[in-house]
Amino acid sequence: MLASLITVRSLAPSLPAIVLIGSGPSYLWLWFCIRFVTLPCPKKWYHKLEQLLCWGPYQRLCMFFMEGMSGVKFKVYGDVPKTKNPLNSLLVANHQCVSDWIIIDSFAMRLGNAGYIHFFAKNALKYVPLFGLYWHQHGLIFVKRGKLVLVGDFNINIGCGSDPDVRRFQQLLQQYDLTQHIRSATHISGGILDLVLTRNCDENTLKIENIEITQTATTSDHFLLSFSCRFSHQYKSQQIIKTGRKVNDIDLESFKRDILNSELNDICNLNNCNDATNLYNKVLGNLLDKHDPIQEFKVNPDQDK
């Protein structure tokens, strides 16, 4: 009997995961029914039902396990707004652990806004089976982490390893998985104050090369730091449709002949400036339409720049 109790107790942490993941298909099916029923209705009706019947209850189910069963207590300080209407706000926080989103959910639930939360999430999460599809339709904003290069005068001599501030700075670099590329002095005192930082995860697609440190004849006590940054990436640009003329395809000789044989030869005989301008625009417009008519064509965004 005791062994059975111990076994059941050891499986207790798995219960929330089993229930939350296992209930996912049910909520997804409920969302599909809501989406189908509200297709002919205004979009706000769909969002209201989805938040009321899907997202809100699932968030409260999460908080039931995270706060109710685990025994964790949240203490909220300050003035909590007492309103029945959802508050429009943007919460920016330093993502320090995997459970800090629970605190946001807990606070929103106390305000009665559990169904109105939208998160910024890593782009990879949209590929999670079932959940990724629902998160995407709910309006979660998926972001990709771009390449990072930090350059500047950090005003700390990292060449002095015995300095407590330097040790703390190096620990910070390790915590955020950053690499420092400057190895020689950048200051007339011999210190390494000007740094170039990149992420370790970008080492295969971002290369810092040809680093040169030159002492210049200026009033600055810092040396000139230069380097080349080589990016390697693969992406497929989505083509866009533009409307215009392909002037490079015009047969210039034929175009010149038509201009010489056009009514523009009589433009000098006109006494009115407006008449001359209208004739000029009319003749050239007709010739352009003849030799290079306006058409639609596809271009890549990079080419369009």
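**Entry 1: a strand and its neighbours**

In which strand does Arg199 lie? I found Arg199 in strand β5, where strands are DSSP runs of E of at least two residues and helices runs of H or I of at least four, both numbered from the N terminus. I note that this is a predicted model, in which local features need pLDDT of at least 70 and side-chain atom pairs count only at pLDDT 80 or more, while totals for chains, interfaces and linings use all residues. Residues are numbered from 1 along each chain as its sequence is written, and side-chain values use heavy atoms, with hydrogens and water left out.

I looked up the accessibility of Arg199 and found a relative accessible area of 16%, which makes the residue buried (buried means under 20%, exposed over 50% and partly exposed in between, with a 1.4 Å probe and protein chains only). Leaving aside residues up to four places away in sequence, Arg199 touches Arg145, Gly146, Lys147, Leu148, Asp177 and Leu178, a contact being heavy atoms within 4.5 Å.

I then took β5 as a whole and found six of its six residues buried. Asp194, Val196 and Thr198 point one way from the strand, and Leu195, Leu197 and Arg199 the other way. In a regular strand the side chains alternate between the two faces of the sheet.

For the pairing I required at least two DSSP bridges between two strands. Strand β3 (residues 149-153) pairs with β5 in the antiparallel sense over five bridges, and Val151 has Val196 of β5 as its bridge partner. β4 and β5 also run antiparallel, joined by three bridges, with Gln180 partnered by Leu197 of β5.

**Entry 2: helix α7**

I checked the length of helix α7 (residues 164-175): at 1.5 Å a residue its twelve residues should span 16 Å, and the end C-alpha atoms are 16 Å apart, which agrees; the expected span is 1.5 Å times one less than the number of residues. Which residues of α7 are buried? They are Val166, Phe169 and Leu173, and they cover an arc of only 60° around the axis, which puts them on the same side of α7; the arc is that of the directions from the helix axis to the C-beta atoms.

The buried residues of α7 pack against β4 (178-180) and β5 (194-199), whereas Arg168, Gln171, Gln174 and Gln175 are exposed on the other side of the helix. Just after α7, I noted that Asp177 takes a positive phi of about 55°.

**Entry 3: aromatic rings**

I searched the whole structure for aromatic pairs and found seven, counting rings of Phe, Tyr and Trp (its six-membered ring) with centres within 6.5 Å; planes under 30 degrees apart are stacked, over 60 edge-to-face and the rest tilted. Tyr58 and Phe131 form a tilted pair, 6.4 Å centre to centre with 55° between the planes. Tyr58 lies in helix α4 (residues 43-69) and Phe131 in helix α6 (residues 131-138), so the pair ties together parts that are 73 residues apart in sequence.

The rings of Phe131 and Trp135 are also tilted, with centres 5.7 Å apart and planes at 45°. These two residues both lie in α6, four residues apart, about one turn of the helix. Finally, I recorded that Tyr27, Tyr58, Phe131 and Trp135 form one aromatic cluster.
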